[in-house]
Amino acid sequence: MRECGGCTLCCKVMGAPPDSADFIGPSGTWCEHCDVGVGCRIHAERPDVCRAGGCLWLAGAFGERDRPDKTGVVFWIGQRGRVVFPDGTSAPPVRANESYQGAAKRKRTRRIIDELTAGGVPVLVEFEGDRTFMEPQLA
């Protein structure tokens with residue numbers, strides 16, 4: 001498994017709903033507990049919303065140069081919601097949280113999204129509450 005290194009982008013793009021017990025701030029703003037480029041000051045006691053994040057790059061997906069702070073996008077598996085396919089099966093979407101609008105359109109990031117959707121994986125691109133659903137390519 002990889003190490004975060006200087007990447008702290010999840011501390012900006014993940015956010016939590018204001019009515020959540022884990023409210024750490026809205027998506028698009030740095031968490032008050034984050035030392036940008038260093039890490040979380042309360043890592044051992046961090047809220048559940050942070051523990052459940054599941055950064056796919058950190059888990060070993062994608063190339064070394066696709067670290068979220070380099071691409072501007074954190075890819076993770078959504079904990080809520082499922083996409084139902086025509087055959088009745090369902091799966092959680094991969095969420096792609098942008099740190100700035102249009103980050104998911106950059107060539108390197110777009111390649112990742114295209115590979116995921118070509119493999120039948122739905123991708124939900126999010127930027128500060130705006131969402132774009134990328135349909136999986138089904139056989």
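**Ground rules.** Residues are numbered from 1 along each chain as its sequence is written, and side-chain values use heavy atoms, with hydrogens and water left out. Since this is a predicted model, local features need a pLDDT of at least 70 and side-chain atom pairs count only at pLDDT 80 or more, whereas totals for chains, interfaces and linings use all residues.

**Confidence.** I looked up pLDDT, the predictor's confidence in each residue on a scale from 0 to 100, and found that the protein averages 82, with 81% of the residues scoring at least 70. I noted that confidence is highest in helix 3, at a mean of 94, and lowest in strand 4 (residues 83-84), at 63. Helices (H or I, at least four residues) and strands (E, at least two) are DSSP runs, numbered from the N terminus.

Rolling a probe the size of a water molecule over the atoms shows where empty space is left. On a 1 Å grid over the protein atoms alone, a pocket is an open set of points with protein on both sides within 12 Å along at least five of seven lines, while a cavity is a set of points where a 1.4 Å probe fits but cannot get out; lining residues have an atom within 4 Å of a point. Grid points are joined across faces, edges and corners, and a volume is the space filled by probe spheres set on the points. By these rules I found about 610 Å³ of space in the largest pocket, and 30 residues in its lining, with Cys4, Cys10, His43, Cys50 and Leu58 nearest the centre. Helix 1 (10-13), strand 2 (39-40) and helix 2 (48-51) each supply at least two lining residues, and helix 2 gives the largest share, three residues. I sorted the lining into 21 nonpolar, seven polar and two charged residues, where Ala, Val, Leu, Ile, Met, Phe, Trp, Tyr, Cys and Pro count as nonpolar, Asp, Glu, Lys and Arg as charged, and the others, Gly among them, as polar.

**The largest cavity.** I counted two cavities of 30 Å³ or more, and about 50 Å³ of space lies in the largest. Its lining includes Cys55, Trp57, Phe62, Phe75 and Ile112, and by class it has nine nonpolar, one polar and one charged residues. Helix 3 (68-71) and strand 3 (73-77) each supply at least two of the lining residues, and strand 3 gives the largest share, three.

**Phe62, from that lining.** I placed Phe62 in the loop between helix 2 and helix 3. Its phi is near 70 degrees, a positive value in a residue other than glycine. Phe62 is partly exposed, because its relative accessible area is 23%, and the cut-offs are under 20% for buried and over 50% for exposed, with partly exposed in between (1.4 Å probe, protein chains only). Not counting residues up to four places away in sequence, Phe62 touches Arg2, Leu56, Trp57, Phe75 and Ile112, contact meaning heavy atoms within 4.5 Å. The C-alpha atoms of Phe62 and Phe75, 13 residues apart along the chain, are separated by 9.9 Å.

**Cysteines.** How many disulfides are there? Taking a disulfide as a pair of cysteine sulfur atoms within 2.5 Å, I counted zero. Cys55 is in no disulfide, and its nearest cysteine sulfur, that of Cys7, is 6.5 Å away.
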